[in-house]
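Hello, and thanks for taking a look at this one with me.

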Amino acid sequence: MGCDLFSLATEGVQGLHPYQPGKPIEELERELGITNIVKLASNENPLGPSPKALNAIELAFQELCRYPDGGGFKLKTALCERYNTQIDQVTLGNGSNDLLEIIARVFADKQSEIVFSQYAFAVYPLVTQSIGAKAVEVPAVDWGHDLVAMAEAINDRTKLVFIANPNNPTGTYVSKSDLIRFLDAVPQRVIVVLDEAYCEYIGGSHQDFPDGVSLLTSYPNLIVTRTFSKAWGLASLRVGYALSHPDVADLLNRVRQPFNVDTFALEAATAVLADDEYLELSRKTNLDGMQALTSGFERMGVDYIPSVGNFVTFDTGRDAIAVYQSLLAQGVIVRPVANYGMTQHLRVSIGLPEENARFLKALAEVLGK
Ligand code: PMP
């Protein structure tokens, strides 16, 4: 008999549950015998990519045989111009998930504790577990972060705190005053990660929503992570970035793989940053879609968690997996959130008007409303 290969992995990795990717749409369509599936499951941008991004990708084909720019100079410069930061404050990631993992590896180990909220983004427990650190999950208040309790959960072993703002899957957000009070209470030896994957959807509609980047000069222990996967519409290309104190960026860049963002991603992200028209359309489509979905829920008497993201999580009032399956049978894919301990809820991403209408019609039928 050979050795038990599973036991060769670290304890942290042995405890991991592999990420379960959804089936490809073509495969589902074949299985279900239908052809026009609507996917509202991954908080993607329903608009399709920006023409500026497509054009940049076409030009980048000429560089296919070359390694990408490992320093990401053009994209970093464009980010700095847009967000008024310095180039040595930027770290690029293969999606922002890559950065969350790099941050955990740089600052925490088996002896560490990492604090995050109940119902916080699923990757935080995952990266915590993978490095063998202890996850400290703080109970949520009204589905959102309890920043007072999170500050109280910090002890000598705490190395990191993750805060998603807005949060996925609840769509809640922490206000500027609450965040500042929290940052003032946290010792500077603890790194605070403010994950702003959905921040572009806010667009001035909530005056009390904090702009993490503006807080960087006051809090050297703060890291802001963002992504091109959502409002910028480039989920497939896997590109995100972290903004931080230059000393923190230096540490992150030591661990980052030298070519973690490919040429297509670098070029497309640089191009889309100059496409404010696309961003505005993303926001408008999202706001209108959110309005359509929440009005639909209200008409049906379905409870939902008010969201500032590009998704909304609603209470099916019964076993959510059964509702998920019935929606799927009608060709509408949404996201179960049982892995967050929310067994009666489902999360639906905002789609195009016709997709939102398909979802609402299917839900009304499934729930008998
Ligand atoms: N943070 C949050 C809160 C998210 O919901 C997501 C995407 N689901 C990410 C980070 C990661 O996005 P990406 O890796 O595509 O940048």
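1. The shell around the ligand divides into four nonpolar, eight polar and one charged residue (Ala, Val, Leu, Ile, Met, Phe, Trp, Tyr, Cys and Pro count as nonpolar, Asp, Glu, Lys and Arg as charged, and the others, Gly among them, as polar). In total 13 residues surround the ligand, and the closest are Gly95, Ser96, Asn168, Thr227 and Ser229; a residue belongs here if its C-beta atom, placed from the backbone, lies within 6 Å of the molecule.

2. Please keep in mind that this is a predicted model: local features need pLDDT of at least 70 and side-chain atom pairs count only at pLDDT 80 or more, while totals for chains, interfaces and linings use all residues. Residues are numbered from 1 along each chain as its sequence is written.

3. Helices (H or I, at least four residues) and strands (E, at least two) are DSSP runs, numbered from the N terminus.

4. Asparagine 43 has a positive phi, near 50°, in a residue other than glycine. Its place is the loop between β1 (38-39) and α3. For context, most residues other than glycine have a negative phi, and most peptide bonds are trans.

5. How do the domains divide the chain? The assignment, automatic or from a database, gives domain 1 (20-48 + 277-367) and domain 2 (51-274), with C-alpha centres 26 Å apart. Between them, 22 residues of domain 1 are in contact with 21 of domain 2 (C-beta atoms, placed from the backbone, within 7 Å). On the domain 1 side, α11 (276-300) supplies the largest share, five residues. By class, that side has 10 nonpolar, nine polar and three charged residues.

6. Helices α3 (residues 51-60) and α10 (residues 263-272) have axes that come within 8 Å and cross at roughly 145°; axes are lines fitted to C-alpha atoms over the stretch in contact, and angles run from 0 to 180 degrees between N-to-C directions. The contact includes Ile57 and Leu59 of α3 and Phe264 and Val272 of α10. Its residues divide into nine nonpolar, three polar and two charged.

Notes
Two residues are in contact if their C-beta atoms, placed from the backbone, lie within 7 Å.
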